[in-house]
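Subject: Two-chain model for you

Hi,

Here is the structure I promised to hand over. Please open it alongside this note. My findings follow below it.

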Amino acid sequence: MKNMSIAAMIGLFFTALYFLMALFAPLIAPYGMAEVVGDVWEPSSSEFLLGTDSIGRDLLTRLIYGGRTTIFIATMATILSFTLGSVLGFFAAVSGGWVDQAISRFVDLIMSIPSLIFALVVLSVMPTTTFILILLMGLLDSTRVYRLARAVAVDITVMDYVEAARLRGEKIGWIIFHETLPNALSPLVAEMGLRFIFMALFISTLSFLGLGVQPPLADWGGIVKENKEGINYGIQAALYPAYAIVTLCISINLVADWILNRTTSLKGGRG
Amino acid sequence: MSDKLLKVRGLKISARIYPSGQRPCDIAIVHGVDFDVEGGKVLGFIGESGAGKSTIGLAAMAYGRGGVEITDGKVHFNGRDILQSGIRDVRKLRGGEVTYVSQSAAASFNPAKKIMEQVTEAAIFQGKFTRKEAEDRAVSLFAKLGLPDPESIGNRYPHQVSGGQLQRCMTALALCPKPDLVVFDEPTTALDVTTQIDVLAAIKEAIRDTGVAALYITHDLAVVAQVSDHIMVLQQGAMVEYGTTDQIINNPQEEYTRALVSVRSIQHKEKQPTEKPLLKVENITARYRGTNFDVLKDVNVELHPGQTLAIVGESGSGKSTLARVITGLLPPSEGSITFDGRILSPDLPTRRLEDLRELQMIYQMADTAMNPRQIVSTIIGRPLEFYFGLKGAEKQKRIQELLEEIELGDGFQNRYPAELSGGQKQRVCIARALAAKPKLIICDEVTSALDPLVADGILKLLLNLQKVEDVAYLFITHDLATVKAIADSIVVMYQGEVVRCGTKSQVLAPPFDDYTDLLLSSVPKMKLSWLEETIAHRKMESGGN
């Protein structure tokens, strides 16, 4: 912690701020999430710090609750995509042969369909609940993680220490979790930061298009959508959630960079 | 020519290191070295890795590689102080007056450009020759260096010539701009002995004919003795001894030099074959998947319990493939392997756990043979846990015993491989193999990545362990000195076939077949005129035929 760069500190500060706000949203928010408390698009005042939204709800409250939804969905989807993608990727790399071919070609197939269009098609027939959203985003994104995990693991599985483990008679579980994973951690952690950001952007996009989080539940993309008409009248309401998305993305990236720096300097770690 | 071409005084070089969790700091890697090179003379640098020999060589070009910086001292070249010169002057020097030949020609040539273009580049860039002149000069150098087809070889790409030829092309590259000094940085280390002798002879002849001076850097004293006029012995960035080649080889003054000269003096009395072999490889033929070429052709090998069988051959002879077949990584297309009286399954996944345990392997590169994220006690402890189910204190005790057996004391259990030296790493790999209580250990070039003195230590350790544990070694190597030191019986392989086999005394005694003769006579000897004598002997023989 001592020799942390300023960029990392800024990143960590904002990331922590957003996550804490998401965690304690009901305690921090001045009003109820869906409570209509004022006029349409009131300017900021001591009563409403950021003004009100298109139907008179307090915008700050909406932002805090919105952050909660966005971060929750992005986090869960990232965890899902990472667990699935990296385990499958390692499994494919360690197994090799037709197992690798079968999984890789299936992943190629999924990746050949643009993920936004894929998601829109699925969401148009499935109920848009939070669970379905997380599942869909996690599954779609795990293909990208799979690609990276497999590429990294293929490099590692040809190392002599993996061969030594095979000669010892080790099972595939040991080879994946004890020989491969610790050496693949650095690139995966970096990718995790990036993926989280993509998830946040993805859920915001879906909500903006009206297929993501459904009202009255708030999320940042949804708030932009609700207030986008205001921009025509010079109302800032739609921009605040946009700022939030940008600052969250940048600060997570800074944190990921920092973690990457720390892990690569571990003893004998690969870059 | 008695004027000093290169004059180096009090050269100090330091490197910036970045220890984790601490501030970057500078450490001195060369502590004040003085030397002179006269025009047309060759100065050899010898020392182990980390002795600073390459760094000193590059300093002659006023260059520090990576984070290396020349901190003090004077380097006078042709009367100019090149450390004080501006970058423009240094640029004229590099590639014009001083040129460089690196260890790995394959990694140094640009694979996308033809050889001729790269050989003439510096000469044309420096304005020493026109393109036409440079190309003519290159062709004459190719001829002088004994490259086949000197007229047209320049039109090939680097991957279209062999390793030894490429190294000679690189020598041509260095000589093309008519430099005053060439820095040879381990030019033959990556080559097979049979190729090394030709390249060495070519380099020596080219140096003599062009009258260029040279710095010749290597860790092999026998090699440097063939080409140098003077030799400087370095250890950890400081000079140990300096003298004429004759004096260093025949009358070394310092303890360290004496150790270098007498390296590989291990004596091992061969054991006689027993009744029943431990390992019997019969009629093995093998090829890699997707190829139509047999890497091993009808190979037969026998190894007796508690003995050492050395498999010798140059790269591409199939010796490592044989190890892969025995371990089950590459199932053979024909033939069988009998181990301790039972037939081994050809394929690794179907082998019994007992077979896996009794047949262990040690690798050439200890760096990549250990997981960099595991500490030593995990690396050695895993086989104990895996094969014998040892846990807790019992396991720790056994790990400690094994560490003592490989002559590493306390304080190694919690280290990561990156915190060990090359020799210590290889020792830990040996301990890992021993932990399984094997009957046979396959040693694949285990000493070839190590410095000679460290390698000697490893060989002694292996011999001692053989006495204590009664384990057999299948020792794969290209180094005949190693073979003489430790083998009981020898198999010579060439292009996938066994050309000669038997006990050590049988194999190393005449009459020889052609290949074994070539292999044995190519091993550099610590003798001044070895190179000339061998080449002359070969010319005479081929003339007689």
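B:Thr308, B:Ala310 and B:Val312 point one way. B:Leu309 and B:Ile311 point the other way. All of them are buried. In general, side chains in a regular strand alternate between the two faces of the sheet. Bear in mind that this is a predicted model.

The strand covers residues 308–312 of chain B. Five of its five residues are buried, so β13 of chain B is largely enclosed by the rest of the structure.

Which strands pair with β13(B) in the parallel sense? One is β18 of chain B, residues 472–477, over five bridges. There, B:Tyr473 is the bridge partner of B:Thr308. Another is β19 of chain B, residues 489–494, over four bridges. In β19(B), B:Ile490 stands opposite B:Ala310.

Next, the cores. The largest nonpolar core has 144 residues. Which residues have the most contacts inside it? They are B:Ile311, B:Leu474 and B:Phe475. B:Ile311 belongs to the buried set on β13(B). The largest share of this core comes from chain A, though: helix α3 (residues 59–95) gives 16 residues. As background, nonpolar side chains tend to be buried together in soluble globular proteins.

B:Leu474 deserves a click. Leaving out residues up to four places away in sequence, B:Leu474 touches B:Leu303, B:Leu309, B:Ile311, B:Leu440, B:Ile442 and B:Cys443.

Now chain B as a whole. Its secondary structure comes to 21 helices and 20 strands. Buried residues make up 44% of its 545 residues. The C-alpha trace spans about 70 × 65 × 45 Å along its principal axes. Why call the overall size of chain B compact? A compact globule with 545 residues would have a radius of gyration near 24 Å, and chain B has 25 Å, which agrees. Take the contacts in chain B between residues at least 6 apart in sequence: 69% of them join residues at least 24 apart.

Chain B is divided into domain 1 (4–261) and domain 2 (279–509). Their C-alpha centres lie 36 Å apart. The contact between them takes eight residues from domain 1 of chain B and six residues from domain 2 of chain B. On the domain 1 side, α7 (193–210) and α10 (255–261) of chain B are the elements that give two or more residues. That side divides into three nonpolar, three polar and two charged residues.

Chain A has ten helices and zero strands. From the N terminus on, its elements are α-α-α-α-α-α-α-α-α-α. The C-alpha trace of chain A spans about 75 × 50 × 30 Å along its principal axes. Of the 271 residues in chain A, 42% are buried. For contacts in chain A between residues at least 6 apart in sequence, 69% join residues at least 24 apart.

Best wishes

Conventions
Residues are numbered from 1 along each chain as its sequence is written. Chains are lettered from A and ligands numbered from 1 in the order in which they are written. This is a predicted model: local features need pLDDT of at least 70, side-chain atom pairs count only at pLDDT 80 or more; totals for chains, interfaces and linings use all residues. A residue is buried if 20 or more other C-beta atoms lie within 10 Å of its own, exposed if 12 or fewer, and partly exposed in between; C-beta atoms are placed from the backbone. Two residues are in contact if their C-beta atoms, placed from the backbone, lie within 7 Å. A nonpolar core is a set of buried Ala, Val, Leu, Ile, Met, Phe, Trp, Tyr and Cys residues joined through C-beta atoms within 7 Å. Domain bounds come from an automatic or database domain assignment. Ala, Val, Leu, Ile, Met, Phe, Trp, Tyr, Cys and Pro count as nonpolar, Asp, Glu, Lys and Arg as charged, and the others, Gly among them, as polar. The radius of gyration is taken over C-alpha atoms; the globule rule is 2.2 Å times the number of residues to the power 0.38. Two strands pair if DSSP finds at least two bridges between them.
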